Amino acid sequence: MSEVVKEKITAVDTVTCTIDGQQITVPRGTSVFDAAGQIGIVIPAFCNHAKLKPVGACRMCYVEIEKMPKLQVSCATMATDGMVVSTNSQQVREGRKAVIEFTLINHPLDCPTCDKGGECDLQDLTFDHGYDDSRFGFDKMRFIEEEKRDTFDDLKIGPEIVLNRNRCILCYKCVRANKEAFGEYDIGAFERGDLTEINATPGGEVSNPFSGNLVEICPVGALTNSDWRYKIRVWLTKTVPSICNFSGSGTNITFYKEDHKNFVYRVTSRCNDAIDDGWLSDITRYGYQIVNSESRLKTPLIKKGGKQVKASWDEALAVIKKHMGQIKDQSGGVCIGGLISPSLDNASLYSFSKLFRTVFKSNNIDFRGDYRYLPSVTDSLFTIAASQPFSISDIEKSDVIITFGTDLIREHHNEYLKIRRAVNFYNSTVYSVNPYAVKTADIAKSEMVYSPGTDELVINGICLVAIEKKLVNSSAAAKLKSKISKLSPGVLAKLTGLSKEQFEELAEAISSAKKVTFIVGEIVARSLDRDKICAALSNLNKLFGVQDKGQLAVLSRYANSKGAQKLGLSATPYEIVKDELKKIWGEYPDCQPRNTDAMINLMKKEEIKGFITVGANPMRLYPDRSFASEGLEHVDFLVACDMFETETTELADVVLPLCSWAEYDGDYINLEGKVQTGKQAIKPKYESKAAFEIMELIARQLGAKLFENEQVKNEEIEKLLKLDSVLPWPDDFLKIEYEKKSSQDGYPVPLFICDDPHHSGHLTEKSPSLLNFSDSAYVELSKGLAAKIGVADGDPLRVESPVGKIVVPAKISPVLNSDVAIIPRNFSSTQTTSLLMRKKRVDSVKLTRVEE
Amino acid sequence: MKEILTALGRIFIRMPIGMLVVLKHLFKKPVTLDYPRKKKPMAPRFMGRQYLERYDDGSERCVSCGLCAAACPADCIYMEPAENEKGERYAKVFEINLLRCIFCGFCEEACPEEAIFMGHHYEFSADNRDSFIWTKEDMLVKHPRKDNPFKTLFRRVRKVYGVGEKKG
Amino acid sequence: MILSEKTVKKIREKASKYPKRKGAILPSLTLAYKQLGYVDNEIYIEISEVINVPQLEIAEAASFYTMFPKKPRGKYLLQVCNNISCALLGADAMVDRLEEKLAIKRGETTDDGLFTLISVECLGSCCTAPMIQINDDFHENLTREKLDKLLESLKNGK
């Protein structure tokens, strides 16, 4: 609460009060609890959470305030002028003692079996403030399920969450967090009095993408998760600060590891107010399990006679030396290409770039393996849009937030929560503008669903309406008017499926806002015409001056996408990066740069003979499976480095086991451009090596040396990171032509391939906990579409596109309301990308029921 | 002359006294034991090798809470908890390295479940280090078993202080 | 739909009067209860669809109030006060008597669907304790004989 008020109220409106003899001046509306916290006085509490509104449920934070007859709960009492508070008087101590005693009336003393033992707030506060013994002799209240009477009190209320209602002290933190912070309604408090219980919605389960947080904030062991359940005691583990590897925002996490077993036991949040609010998505929380997975690649594999056999590193490197050397000598380094995952750290990315550009002298590298048909030019409008500055903490400060072409709950969990917070705590207004209805809509002032493939027309519509309504500078308006198509707002409205009023609403919102955040996401980034959309965005930015009073950016999706851009990992790096690289290396290959798409094309023509993938899985993620597989099968010599056996490693001649991000120190640049370090938690498992080590080894095999030592490497990276990597938008307004793409006959339903809310990329399917949430592909439909086809939830459905066909179960979405199909790409069991065509703006499919 | 007198004194006075002591002990009960065949009864609070108790129905008392391991000054207890089919916590692995154990009895003190006790067993010499690592199977008392006098003692203690009884 | 069209229409009408949708939860539950005599999870879902409030919020509110039973109750709802005054003056004996007479336990309904017996907290009639509320009427200063007579008359349909 305090923060809310802090932002809203000017510094003039402050109050001065005295806490334990110390004077403190705080903004009006700050609670006594927070005011005390600011001068380092810790008041014990169970139910207070810095990121939630106060509720005063636990009564533990009693303080004595002069002129108030009774003890007051400090979390819900606002500081006022001249207030004299004492937090440790005799009366307060007795009050706390009594509260603890009452709390323990029905709290079972099963600490030995309780998972929270050792990090339990109730344990700690009882030690500090409670009595040694209880004066209540009667039996404790015990919740037991009727059918489980003789077994156990624990209740599984979600795929990962175990509830023990006896231990619950009713602080309502879980319920409040779920409703206030996550906007999910699947856990609640039922009944009343001493029968009050926390439970899942009747007939439902707690399976929202943030459910893990409920376990973390529970002050007692009432909510535990099966991930950590009965594995180890918390005092036996050590903590290591690290960074989430699955999200673009670089959420801060803490690894709990054990050295002797070389095992990571869990991940918890490490609240960094500038990035996250201490909330983690389940992907972050349970995704770490891939580090411990038994199915990881243990040794290098070499293909011998069509079969991959285990080999030592020396053997594998010798094979690489032989073949890569051969290709390099006979056909030249330009015949070697590489694709790296943008989730790897700076050192790995830079080593990869250096290996290709100085050893192979080739420009065939890329890090974007899951975008269709990327343009290979540097200053493409998309690259410009992606390089724009963005600040996560500014989301809260914006009064208007527009999410355009992004399904945040599937792409950027952290930003999704930030937006919710902005709405609930800072009264921001959200407009959700997407080709299909998304979850963000429930907090949006209005949700606008445009027809897929008309993204740039929506932006044009907003601009045109703004010009018409004279909401913007007239000279700019005149300039723009001559550039964008002659379609009138009415026609645009018809084409996009939105109404003119909706355009007006958006235009007015942007022009009247004091601070705007305009978030553009993956739906735009994955679109074939992303440059066109970005041109429209450039116009919009210029017309409204969005960036002068806020921010507009395409958010980068992966843990280090921004780093990859900054270090020049695309085939055509930024000019300044290129110049710097030339300076550092003293050379830079002048051969033609080729991105993923061009490389796969050249593989087919057998012009690219050697290919190295590091952590990337183009076979699964490249949006045209048949194209990718044809290309990779034609490669003479394919080296694949990954943590697991994937579709790509299956084709490889040499497979090298790669370290996970928990196994080495690495720097990652999040979507804001902030460099954060993930520390090494455990030693590399099995024989895996970090990507930068592998690059160095390959270089040494080929008689070169990437770096003399670690220091040199860090210095070189440092030099590159210093460069300003924000590209300027074009000076002029841009012309945008709209050509109507005829939809394929017989394939009426637009298809979107994206991540499952519980998965990210191709690795998380190895995490058992995440599989409990969602373990196979499905096709998500609106209720109306399902009724039209005649399928119920879970019925198998044949999904046919002009190029592929899969059969997956239908899933009826509570959110979708138009005719679109959404299929997750995270599961190896379904070849989702085989439905896609790489040169198509909107993929469309035909859905038919599978007759039994 | 003096030397001769002392020598004579030794032979005729001191030596018979010494012989007398020997003679006396010949008819006394010996203080030593015929050890491997006969064993000395231990004091009730002797702290020998630990053992793990069971409930009357045969289930293990130990829930692997880790407090004994935390209390152990020699860090000789290793355990791994797990969940059984009923959803209860139990010790999947429970090992004590007796080469490290200093038999201080802190584990017994710390145990909230009355599961681990210092026993009276002290014969565990071996010729390799591995056999000094006692596992849960080695330490758990047999079930069903003959009545253990110490168990009744502990029960009495429990009765007096009213702690540790299994709840119905 | 279990709710009748009339009830749904009434709920819609009520809901439109509230500035926030959440405000309509209790009136909707009351309307549903009036129609059916109980509200259970299926009704929560139906109401949530009508007034567009998460099912959870409705379930939470409904479970908080004892006046929204989850199962249909008998024709006569016998609510015995067992708060302090009544308890001191023999409310427990009254409950026991009723249990014996009706052959049911607290919270249960007789097989013929005539009586439901529950014990409740203070009904605000302490000066005339012990007392029982049958549907909407108070019956005060109870004794065993009075209670027996009361039951007889109810059974005879008066």
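Among contacts in chain B between residues at least 6 apart in sequence, 71% join residues at least 24 apart. Two residues count as in contact if their C-beta atoms, placed from the backbone, lie within 7 Å. The model is predicted: local features need pLDDT of at least 70, side-chain atom pairs count only at pLDDT 80 or more, and totals for chains, interfaces and linings use all residues. Residues are numbered from 1 along each chain as its sequence is written, while chains are lettered from A and ligands numbered from 1 in the order in which they are written.

Chain B holds five helices and five strands. Helices (H or I, at least four residues) and strands (E, at least two) are DSSP runs, numbered from the N terminus. The order of elements in chain B, from the N terminus on, is α-β-α-β-β-α-β-β-α-α. Of its 168 residues, 19% count as buried, that is, with 20 or more other C-beta atoms within 10 Å of their own, C-beta atoms being placed from the backbone.

Chains B and C do not touch; 25 Å separates their nearest C-alpha atoms. Between chains C and A, nine residues of chain C contact ten residues of chain A. Helix α4 (residues 55–64) of chain C gives the most to the chain C side, with seven residues. By class, that side has four nonpolar, three polar and two charged residues. Ala, Val, Leu, Ile, Met, Phe, Trp, Tyr, Cys and Pro count as nonpolar, Asp, Glu, Lys and Arg as charged, and the others, Gly among them, as polar.

Within chain A, helix α3 (residues 90–103) packs against helix α4 (residues 121–129) at an angle of about 135°, with axes 10 Å apart. Axes are lines fitted to C-alpha atoms, for helices over the stretch in contact, and angles run from 0 to 180 degrees between N-to-C directions. A:R96, A:K97, A:I100 and A:T103 of α3(A) meet A:L122, A:L125, A:T126 and A:H129 of α4(A). This contact has three nonpolar, three polar and two charged residues.

Chain A also has an open sheet of three strands, ordered β6-β7-β10, with antiparallel pairing. Strands pair if DSSP finds at least two bridges between them. β6 (155–156) and β10 (223–225) of chain A are at the edges, each with a single partner strand, so one side of each lacks a neighbour in the sheet. β6(A) pairs with β7 (residues 161–163) of chain A over two bridges. A:V162 in β7(A) is the bridge partner of A:K156.

Methods
A residue is buried if 20 or more other C-beta atoms lie within 10 Å of its own, exposed if 12 or fewer, and partly exposed in between; C-beta atoms are placed from the backbone.
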